[in-house]
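Q: I am new to this structure and would like to go through it step by step. Could we begin with a helix and then turn to the aromatic rings?

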Amino acid sequence: MSRNLVDNSARANREAPSDRAADAPVATQAQSAPRSSLWIINGPRDFVLFFGTPFLILPFVFLAERVWAASHLYMAVAAFGALGHHLPGMMRAYGDRALFKRFKTRFILAPIFLVAVCVGLATVDPQMHAVILIAYSWGVWHGLMQTHGFLRIYDAKVRSFHPWTARLDQWMCFTWFLSGVLFSQSRVHHLLDAFYGLGGPAVSMAWIDGLRVVWGALTVTVTIAYVVNAVARWRAGNPPSPVKLVLLVTSIAFWVYCNSIVRNLLVGVLMFEIFHDTQYLAIVWLFNRGRASKDPAGMGRFSRTLFGTRAALMGLYVGLVFAYGSLYFVNFEIEKYTPVFGAILAASALLHFYYDGFIWKMREETNRAPLGLQGGRQLQRAHELFPGAVHALKWSPFVAVVAILLALNARPAMTGMEARLLLGSMFPEYDLAQANMAAELHAAGDLERAVEADRRILALQPDDPDLVENTRNNLAWGLTELAERHVRSGDERGAQAAAREAFELNTELPNHLNNQATELLQARRAAEAIPKYRVALLMTPARSRIHMNLALALAAEDRMDEALQHARRAQQGIPQDPTLIRLVRQLEEAARSR
């Protein structure tokens, strides 16, 4: 949830002095009331679902990686987690009669608008770089505000409503979550890759480093202020929830771990996604159960039945989430034909972020009651007096961002190759950046630099087995092509060194080279076949069949003396072969007739 589950009653303390006296009895009553339980459900269940989930995710993912590839795990989580968990919010928006009636205009117009925007962006930018930038940025905000919401829920349980506490809760989430992104090579690379792919100008690494210094200083300052405020609240007799503090530490630590410590981008994303989705699905289930119990008339028949008293319906709830998530695999099958369906699914994510920004606000009693939250003051503020106008203005940053991204796409600052080479130079210690750069260099024929980049990747010891395998294969073939180039230029020493290193990476290379060269020979392109046969022999000098094939290629080029040498070398290995006997005799006769 984004601004969801945030106890905004704390902000009421900032209202005009004329309002404070009238509200003083409410505050006194809230503080003198008996404290409720520390937990949303109970200790063990809260640990599993809300604040201790990372301790369960880590061993699960480490064990799962031994069975499934990271890309397969990511696809499953992206489908049944990232996409599937949009459904409960949609169910709340369109299955809660009172809520739908109140925000009917938003619930009707927002899907039309966001689908149109995403499809339009995908049409002008089929690789959807703009959609990626928007969805990722909004998703980070959504994730940090969900964490903030849980912090305020736990503080509401102990009636900790001080305005500085609520404000610093939000700033701790904001600064630390963005630090997790800003100090992560993989995340900054991911964002810049989409930015450059869209057509953005080059960004200086010095500028990024400077931003990191400033943001790091701000994060440290906020953290110190947070600790000071917590101590002050404790001394004043109104301490923050201890469960909230544990949740804050585990959430921030896990976010930083997934972004900056986990080297595999997909693994890091899927681990925090599991944490986020578990929290969300659990709190939405609990909220709707409470809503169905306390105000069944306000919910639609389907929602009232699904979230009724029968616990067995939890299976149906999870099944519906999985069914909605399976649309991801539908998109995976058709995305090669059109990006439109993928754009619609991206719009689903943006709708999820948008709806969660207002349907879960805890200043409203209809949202507080199902979770058993009481206390705090609820005053009507300026933006609530003119909700339509103020809410429309909140869309202006989104519209501005879309306009800027479209303008960038209209005038690309660099080609795809230039962007990959730039990112490779900016992130020499990030394996994926080096892999992309190596692929571009290889395609451009810059074999020396491509080989260097592939060696750098292996030296980094990536924990992605697919990346390691692909890199070893690319390096082997890059070295092979380099050896062929050395053969053509007459550099025997360079050819031999490159061929031996390639053979150590892939012992099947001689067979592949022999087959490629034979196809060229059969196509009457003997001159192109000869370097491949020679490199294959540098890898395996005793292969008689390759010597024989090379002899045939040399003879086709009228290089009879060299052909005879290789034919005789082949005959030493298989002296009784009738084809070789005949070939040697023919070449000897040709040599005598010269």
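A: A definition comes first: the expected span of a helix is 1.5 Å times one less than its number of residues. Please note also that this is a predicted model.

Q: How many residues has helix α15, and what does it reach from its first C-alpha to its last?

A: Helix α15, residues 313-325, has 13 residues and reaches 18 Å, close to the 18 Å expected.

Q: Which residues are buried in α15?

A: They are Leu-313, Tyr-317, Val-321 and Gly-325. Seen down the axis of α15, the buried residues fall within an arc of 140°, so they line one face of the helix.

Q: On to the rings: how many aromatic pairs does the structure hold?

A: There are 38 aromatic pairs. One of them joins Trp-39 and Phe-51, which are stacked at 6.2 Å centre to centre with 20° between the planes. Trp-39 is in the loop between α1 and α2, and Phe-51 is in helix α2, 12 residues apart.

Q: Are Trp-39 and Phe-51 buried or exposed?

A: Trp-39 is partly exposed, with a relative accessible area of 27%, whereas Phe-51 is buried at 8%.

Q: Why is the pair of Phe-177 and Trp-255 stacked?

A: Their ring centres are 4.6 Å apart and their planes lie at 25°; planes under 30 degrees apart count as stacked. Phe-177 belongs to helix α9 and Trp-255 to helix α12, so the pair ties together parts 78 residues apart in sequence.

Q: Where does Arg-92 lie?

A: Arg-92 lies over the face of Trp-360, at 4.8 Å from the ring centre.

Key:
Residues are numbered from 1 along each chain as its sequence is written. This is a predicted model: local features need pLDDT of at least 70, side-chain atom pairs count only at pLDDT 80 or more; totals for chains, interfaces and linings use all residues. Side-chain values use heavy atoms; hydrogens and water are left out. Helices (H or I, at least four residues) and strands (E, at least two) are DSSP runs, numbered from the N terminus. Buried means under 20% relative accessible area, exposed over 50%, partly exposed in between (1.4 Å probe, protein chains only). The arc is that of the directions from the helix axis to the C-beta atoms. Rings of Phe, Tyr and Trp (its six-membered ring) pair if their centres lie within 6.5 Å; planes under 30 degrees apart count as stacked, over 60 as edge-to-face and the rest as tilted. A charge sits over a ring if NZ of Lys or CZ of Arg is within 6 Å of the ring centre and within 35 degrees of the ring normal.
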